[in-house]
Amino acid sequence: MPEMTKIDSYAMQHAREYGHDCFIRLLLHSSFKFPETLIDEEEEIYRWVIKAILQRQGSRTVGRLLANQMRRKGYNCDFELVAGTLIGEHYSWGQWRYQIESVRTHSTYYSDEFIKKKGIRKEDLLVYKLVYKYGCKHCRQIWLHKDGTPKLYTEDFVRNQSTNYDKKPNEWKPQIGLVHPGCTEGGIKIARLGIDNLTYPKIFDCDVQDR
Ligand SMILES: [Zn+2]
């Protein structure tokens, strides 16, 4: 079995603590129509997710194996999406926790002048996500400016949003975890002055979002 990284163990911890919530949210997500009886398979699906994290299996592989297993029970859903979303959600939080912890051991990323200019508090962290090719217009609108530059939010703002699962797409808010299961957003990242502006030259030009 591959050795677990810190991110793997944080993802695992999130799965153990919030696996049930994430599963329910996925079942109820307004953009999918999963059969209600899938709730009976929660334990089974949870075991697959845990095993995937432990063995670092990709969601494609797990999804395929899970689909085979579930087909025998009469389910014909997109299990690659189920596995991908659950594993993706746990890893988003795992990566996030890892980043936050690294910040505590490094000096802050912003100068006093920058903090003042942006109108943020000293303790604020600015965060962003990328939306890759084929991302839907809602996710693009949440995370990107029209020219493709990532939008900046304070971590506090994102962390305090309620979940999106029961909302219409135009009411979706940014999330630390996934905004839209099956879409193509990347993990949340801390925007570091002097590092991220090399990759995304205009990232710090716009106002901090609050929507
Ligand atoms: Zn989307």
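Reader: What makes Ile 45, Trp 48, Val 49, Ala 52 and Ile 53 of H2 buried?

Author: In this predicted model, a residue is called buried if 20 or more other C-beta atoms lie within 10 Å of its own. Ile 45, Trp 48, Val 49, Ala 52 and Ile 53 in H2 are buried, so each of these residues reaches that count.

Reader: How do you know that the span of helix H2 agrees with its number of residues?

Author: Helix H2 runs over residues 42-55, which is 14 residues. At 1.5 Å a residue it should span 20 Å, and its end C-alpha atoms are 20 Å apart, so the two agree. Just after H2, Arg 56 takes a positive phi of about 50°.

Reader: Into which domains is the protein divided, and where do they lie?

Author: An automatic or database domain assignment gives domain 1 (6-91) and domain 2 (108-199). Their C-alpha centres lie 25 Å apart. The contact takes ten residues from domain 1 and ten residues from domain 2.

Reader: Which elements give two or more residues to the side of domain 1 that touches domain 2?

Author: These elements are helix H1 (6-28) and helix H4 (79-105). H4 supplies the largest share, four residues. The residues on this side of domain 1 divide into three nonpolar, five polar and two charged.

Key. Residues numbered from 1 in each chain as written. Predicted model: local features only at pLDDT ≥ 70, side-chain atom pairs only at ≥ 80, totals over all residues. Expected span 1.5 Å × (residues − 1). Buried ≥ 20, exposed ≤ 12 C-beta atoms within 10 Å, placed from the backbone. Contact = placed C-beta atoms within 7 Å. Nonpolar A, V, L, I, M, F, W, Y, C, P; charged D, E, K, R; others polar.
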